[in-house]
Amino acid sequence: MTIAHTLGALSVMTGALLAAQSAQAQDNTFINPDWANSAWYIGAGVGQSRATIDEPRLRASLAANGETVTGFTKDQRDTGYKLFVGRQLNQYFAVEAGYFDLGKFDFKSTTSGNGVLNGQAAFRGVNLDLLGQLPLSQRLSLLGRVGMHYTKTNTEFSGNRLLGSTNTHASERKLNAKLGLGLEYKFSEALALRGEVERYRLNDAVGNRGDADLYSVSLVYKLGRPASATPAYQPAPEVAPVVAMPAPAIVAAPAPAPVSEKVSFASEALFDFDQSTLKPQGKAALDQLLGQLTGMDLEVIVTVGHTDAVGPDAYNQKLSQRRAEAVKAYLVAQGVETNRVYTEGKGETQPVADNTSAAGRAKNRRVTVEVVGTRKVPR
């Protein structure tokens, strides 16, 4: 496959993945972690490959045959690509199988007496890797991989100084180890971008042993994402105000007692994934809450943000605080006095359900709004 064909194939796949992402634009929240942590996925990557040509060994071989090297050039870089399919085992590990082509690497040498020796080596094969994923945030993860690859090496020589060898074309298949390190950024639960460097241990067909590196950018798409509905506004039952018993007409009725009313909103109802900017549905839910406060002499409002246990503790704490502040900012913009609204971020410290299940984590991602005030008594 030529480089142009490789890039063309990757472009087609990129278009298909982005089209799929666009179709999911209305449901781009991370609310299916159980599916995401067990899904099959496919991907493709392209980048620069680098190999090391053993110049000292080649010079020594020519010298042993009575040749004096007068010139030596080498090309140790090419374009490489890979195609792969994988399966998530859990949040932290996946198994991945793929096909790769590292390209071609060559050298040209000249010797005394108008001697010429040219060579070229090409590497392609299949691999099976264990992939480790360490979340740095809800979108960004550190990647590490270890595995094996079965590679076919084709080596060709030309020129009038073939070192006594009549075999100008040699081929070898060999099983070797490989390692990799990189980063992955999730655009959504289904689509991610990876940047990686991988090292392949290699043998060429004439006894040289070395390494080749592939620096690549890949797109990854998880298959079979389930449809999901955005959680709706979930008001808690109103706490009825304290009503005084009828008193004789000559005794004045006591003033209405303050009441406390608390409403809990699922985070997905107010914000997009990993965001602290209210979306239109979230503003509508808060407008509905404000409508319920009509007729109340407001004393104080407390907004508290909560998250699930996915991601670092410090990050979750900051996200919960930003979301609580966003709710306050909207309430103030709608006319609530700023000195009557207090905020707090609890992060993942006060779960109301089990964080090991998707349903439990959805309940833990929430913002509570507690309103304290006095209901006016109709005359």
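Trainee: What comes to seven helices and 13 strands here?

Mentor: The secondary structure of the chain does; helices (H or I, at least four residues) and strands (E, at least two) are DSSP runs, numbered from the N terminus. Residues are numbered from 1 along each chain as its sequence is written, and side-chain values use heavy atoms, leaving out hydrogens and water. Because the model is predicted, local features need pLDDT of at least 70 and side-chain atom pairs pLDDT 80 or more, while totals for chains, interfaces and linings use all residues.

Trainee: Is Asn-176 buried or exposed?

Mentor: Buried means under 20% relative accessible area, exposed over 50%, and partly exposed in between, with a 1.4 Å probe and protein chains only. Asn-176, in strand S7 (residues 169–186), has 6%, so Asn-176 is buried. Of the 379 residues of the chain, 43% count as buried.

Trainee: At what angle do helix H5 and helix H6 pack?

Mentor: Axes are lines fitted to C-alpha atoms, for helices over the stretch in contact, and angles run from 0 to 180 degrees between N-to-C directions. H5 (residues 280–292) and H6 (residues 313–333) pack at about 55 degrees, with axes 11 Å apart. That angle makes H5 oblique to H6; under 35 degrees counts as roughly parallel, over 145 as roughly antiparallel, 65 to 115 as roughly perpendicular and the rest as oblique.

Trainee: Which residues of H5 and H6 meet?

Mentor: Contact means heavy atoms within 4.5 Å. Lys-283, Leu-286, Asp-287 and Leu-290 of H5 meet Val-327, Tyr-330 and Leu-331 of H6.
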